[in-house]
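I opened this notebook to keep track of what I looked up, one topic at a time.

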Amino acid sequence: MKPYRFLDQDKQVQDYLISLRERDVQVTAVDLEGEFNLHHYGEHLCLVQIFDGRDSVIIDPQTVRISLIKEFFEDPSLKKIFYDCSGDRTLLYRQYGISLTAVIDLLPAVELLELEKKGLGKVLTAVLGLEEKNKKKFQRYNWMKRPIREDALVYAIEDVEYLYELKEKLMSDIEKRGLFEEYERLNHEVQSKPVALEAVPGLFKKNRFKKLPPEAKELFRELYYVRDEYAQRMDLPPNSVIANEDLYGLSLSRMASCDIAFSRQVSQKFIPSLLKDVDRVLSRNPAHSG
């Protein structure tokens with residue numbers, strides 16, 4: 001792994017962006033770390049990792065002005081190598097109004113080449129012969145907590161430093177198979193697809209929700225948004241406020257509000273009003289028998 005710099009001040013990022021222009025850097029490799037309702041409420045950009053062919057940097061969006069990060073991502077003259085940019089561009093646009101431009105997304109190349117395993121770790125092993133690292137240790141890491149552990153920062157920067165090499169090998173194989181035009185089309189498609197400003201909650205896409213009786217489905221929706229309001233007020237993941245399983249139990253009249261088992265994360269001062277709002281929803285819906 002190459003040495004990296006952790007940039008947590010505006011001046012540091014400003015100087016880095018200037019250095020990119022002065023060195024006429026035209027292609028960078030980029031990755032993000034985010035928080036997605038795992039430790040806190042909502043979605044948050046936590047780190048931006050960049051390798052420019054010489055320097056490796058990690059930018060801290062918690063302390064650096066978003067306008068500087070926006071300047072980097074929206075620069076049309078600076079190409080950014082990503083591995084599957086779809087989630088990243090959604091996060092950047094939906095939460096910060098950043099329109100990701102000039103992307104070289106390597107996932108469409110992997111799909112065109114029909115590699116058996118498409119996760120980045122598996123691809124790096126298959127294409128570059130790298131030993132796959134153990135990601136389990138950081139799958140539930142709290143990237144919003146400061147200071148960030150050194151081993152977590154090393155984990156965050158490692159993959160991005162191989163994206164240049166991975167790009168060269170994949171593009172070479174794409175060219176050999178006469179697939180470059182198709183790759184260009186797919187790469188343009190993934191970065192030009194409109195981003196919905198409001199996401200459909202993941203639970204509403206599940207078959208279990210879709211199979212609920214109509215009255216129970218309506219109950220579930222109302223309870224979901226009550227829970228969401230309190231999760232936002234407490235800055236907790238919604239599932240930590242009222243478990244998804246309890247939402248189903250309440251919606252199907254298999255339990256009452258008094259049966260909800262609140263975790264220690266839920267502040268006692270919110271519980272009475274939360275229970276009152278849950279009962280308010282249950283009482284006016286015919287799907288609930290009391």
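This is a predicted model: local features need pLDDT of at least 70, side-chain atom pairs count only at pLDDT 80 or more; totals for chains, interfaces and linings use all residues.

Entry on H10 and H12. I noted that two packed helices are described by the angle between their axes and the distance between the axes. For helix H10 (residues 214–234) and helix H12 (residues 244–251), I found axes that come within 9 Å and cross at roughly 135°. I then listed who meets whom: on the H10 side are Ala-216, Leu-219, Phe-220, Leu-223, Tyr-224 and Arg-227, and on the H12 side are Asn-244, Leu-247, Tyr-248, Leu-250 and Ser-251. Sorted by class, this contact of H10 with H12 has eight nonpolar, two polar and one charged residues.

Entry on H5. Which residues of helix H5 (residues 120–128) are buried? I found Leu-120, Gly-121, Val-123, Leu-124, Val-127 and Leu-128. They cover an arc of only 160° around the axis, so they lie on the same side of H5. I recalled that an α-helix has 3.6 residues a turn, so residues three or four places apart point the same way. Looking for what covers the buried residues of H5, I found that helix H4 (107–112) and helix H7 (163–176) are included. After H5 comes Gly-129, with a positive phi near 75°.

Entry on backbone geometry. For reference, most residues other than glycine have a negative phi, and most peptide bonds are trans. Where is Pro-147 found? I located Pro-147 in the loop between H5 and helix H6 (150–158), and the peptide bond joining Arg-146 to Pro-147 is cis, with omega about 0°.

I also looked up two residues other than glycine with positive phi. Asn-37, with phi near 55°, is in the loop between strand S2 (27–36) and strand S3 (43–51), and its relative accessibility of 34% makes Asn-37 count as partly exposed. Asp-84, with phi of about 65°, lies in the loop between strand S5 (79–82) and helix H3 (86–96), and Asp-84 is partly exposed, with a relative accessible area of 32%.

Definitions and conventions
Residues are numbered from 1 along each chain as its sequence is written. Side-chain values use heavy atoms; hydrogens and water are left out. Axes are lines fitted to C-alpha atoms, for helices over the stretch in contact, and angles run from 0 to 180 degrees between N-to-C directions. Helices (H or I, at least four residues) and strands (E, at least two) are DSSP runs, numbered from the N terminus. Contact means heavy atoms within 4.5 Å. Ala, Val, Leu, Ile, Met, Phe, Trp, Tyr, Cys and Pro count as nonpolar, Asp, Glu, Lys and Arg as charged, and the others, Gly among them, as polar. Buried means under 20% relative accessible area, exposed over 50%, partly exposed in between (1.4 Å probe, protein chains only). The arc is that of the directions from the helix axis to the C-beta atoms.
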